[in-house]
Every structure is written in C-alpha cells, then in structure tokens.
Amino acid sequence: MEKRNKFIDNVQHIIRGGVPEEIVENPEEQSEDVGSPAIGNPVDVEFSRSEEDSAFRALVEKEEKYNLSYSAEMNPGTVLENTFFFTPLKGMVVNRFGDPRGHFGVDIVAGPGARVSAVMDGVVVFSGWTVETGYVIQVQHANNLISSYKHNERLLKSIGDHVKAGEAIAHVGNSGELTTGPHLHFELWYNGMPLDPQEYISF
C-alpha cells in the first residue's frame with residue numbers, strides 16, 4: 001500500500017510539472033529476490049542470436065521477399081485453380097517467363113495495332129508512359145491479382161476505369177527503350193509475386 005501511494009503521489013507530482021522522487025526499495029525484499037534490479041538501478045542485458053535463429057530469419061526473409069500481404073493465402077494454385085483468364089492477345093510467345101535477366105512476364109508478337117484485352121474484370125490502377133516500357137496499363141483484379149500490359153501503341157483506358165474481361169484496353173505497339181519490335185509484354189502478379197502467365201493462359 002505504501003508503494004502504491006508513493007507511486008500515485010509521484011504521478012501527480014509529475015503531472016504538476018515536478019521531478020519524481022526516487023522510490024527506495026525495502027532492502028529485505030531486495031535480498032529475497034536476488035538478481036532483480038532495484039528501481040532506478042537498471043542492469044544491462046545482452047541478447048545473443050543463435051545460429052538456428054539466424055538461419056530461420058534468413059529463410060523467412062527469402063520466402064517473403066515479394067510478399068505484400070502476409071496474412072493472405074500464398075499458394076496461387078488453390079486460389080487460381082477455378083479462375084478463368086481471358087487471353088490478352090493471340091500471338092506467338094517469343095520470350096518466356098523467368099529468363100536469367102529477370103523477365104517477369106511473356107512477350108507475345110502480333111501485328112501493330114492489334115487489340116489488347118483485359119484478362120479479367122478489374123480496375124485500372126496505372127495508365128501512362130514509362131521510358132523503358134513505353135505505354136503501360138495495369139489492372140487490379142480480385143484475389144490480389146494484377147495484370148500488366150507493356151510496350152503498347154495506344155492506351156484506351158484511364159486510371160480508375162472499370163474494365164470487363166475481354167474488353168479492349170490498348171493496342172499493340174513498339175514503345176519504350178526495351179523493345180525490339182511490335183509486341184505485348186504481359187505480366188501477371190499475385191500478392192506481389194510474379195506468376196508464369198503460360199501456366200494459366202493459352203496465347
């Protein structure tokens with residue numbers, strides 16, 4: 001009770017702008033609890049990290065590198081097994097997903113001006129120009145999916161527009177520094193992780 005009253009008095013004293021008084025522990029109580037620091041006399045505690053802890057941290061960081069939603073289901077197979085994707089462009093795939101240069105999509109060759117379609121219903125979250133990939137449009141879909149369409153000649157939708165699966169959103173082009181001819185670079189992302197579009201879409 002005495003300690004509690006002193007504590008309450010100290011708090012009220014601090015609120016009034018005063019300096020708190022030091023609470024002196026009972027020496028007999030200190031001797032009973034060996035190793036516990038007295039109030040006002042903190043001890044330095046050193047924490048060491050074991051090899052197992054370091055290995056576990058490295059594993060988790062590697063697995064979550066591209067994860068933007070830790071609480072969401074991270075296995076795309078269970079989420080996408082019943083999902084239907086509309087083909088964004090019929091053509092020949094000349095560059096596949098995952099080449100050593102960090103190719104996060106597929107390159108589909110088609111004639112200039114060919115129609116590029118949305119793969120699912122969604123909302124346009126980006127529609128504009130980038131130096132490397134030219135005219136780009138990105139669509140946010142359900143289940144944390146994002147589709148990206150690059151090197152277009154012309155964009156037909158603006159940010160915030162709602163689009164339907166199969167709806168025209170752009171025309172194939174040859175824009176941007178990282179292009180070698182008229183084609184569509186198409187990417188599919190799930191929870192911040194790139195997916196191989198050919199595993200879900202027939203081009």
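Phe-203 is buried, at 17% relative accessible area. That value falls under the 20% cut-off, so the residue counts as buried. The model is predicted.

Five aromatic pairs turn up in a search of the whole structure. One of them joins Phe-186 and Phe-203: the ring centres are 6.2 Å apart and the planes meet at 65°, so the pair is edge-to-face. Phe-186 belongs to strand E9, while Phe-203 sits in the segment after strand E10 (193-195). The pair therefore ties together parts 17 residues apart in sequence. Phe-186 is buried too, with a relative accessible area of 0%. Ring pairs also bring in Tyr-149, giving a cluster of Tyr-149, Phe-186 and Phe-203.

## The nonpolar core

In soluble globular proteins, nonpolar side chains tend to be buried together. Here, the largest nonpolar core holds 27 residues. Those with the most contacts inside this core are Phe-85, Ile-108, Leu-145, Tyr-149, Ile-169 and Phe-186. Two or more residues each come from strands E2 (105-109), E5 (134-140), E6, E8 (168-172) and E9 (183-190). E9 gives the most, with four residues.

## Around Leu-145

What does Leu-145 touch, leaving aside its neighbours within four places in sequence? Its contacts are Leu-80, Phe-85, Met-120, Val-139, Gln-140, Leu-188, Trp-189, Tyr-190 and Leu-195.

## Glu-153 on strand E6

Glu-153 is found in strand E6, which spans residues 145-155. Its relative accessible area is 47%, so Glu-153 is partly exposed. Beyond its neighbours within four places in sequence, Glu-153 is in contact with Gly-113, Tyr-135, His-171, Val-172 and Gly-173.

Asn-174 is 21 residues from Glu-153 in sequence. In space, the two C-alpha atoms are 6.3 Å apart.

## A nonpolar patch on the surface

Which residues form a nonpolar patch on the surface? They are Phe-7, Ile-8, Val-11 and Ile-15. Together they have about 380 Å² of accessible area.

Val-11 lies in helix H1, residues 2-15. Its relative accessibility is 33%, so Val-11 counts as partly exposed.

Conventions: Residues are numbered from 1 along each chain as its sequence is written. This is a predicted model: local features need pLDDT of at least 70, side-chain atom pairs count only at pLDDT 80 or more; totals for chains, interfaces and linings use all residues. Side-chain values use heavy atoms; hydrogens and water are left out. Patches are made of residues with over 30% relative accessible area and no salt bridge: like charges are joined within 9 Å, nonpolar side chains (Val, Leu, Ile, Met, Phe, Trp, Tyr) within 5 Å. Accessible areas come from the Shrake-Rupley method with a 1.4 Å probe; for residues, only the protein chains shown count as cover. A salt bridge is a side-chain nitrogen of Lys or Arg within 4 Å of a carboxyl oxygen of Asp or Glu. Buried means under 20% relative accessible area, exposed over 50%, partly exposed in between (1.4 Å probe, protein chains only). Contact means heavy atoms within 4.5 Å. A nonpolar core is a set of buried Ala, Val, Leu, Ile, Met, Phe, Trp, Tyr and Cys residues joined through side-chain atoms within 4.5 Å. Rings of Phe, Tyr and Trp (its six-membered ring) pair if their centres lie within 6.5 Å; planes under 30 degrees apart count as stacked, over 60 as edge-to-face and the rest as tilted.
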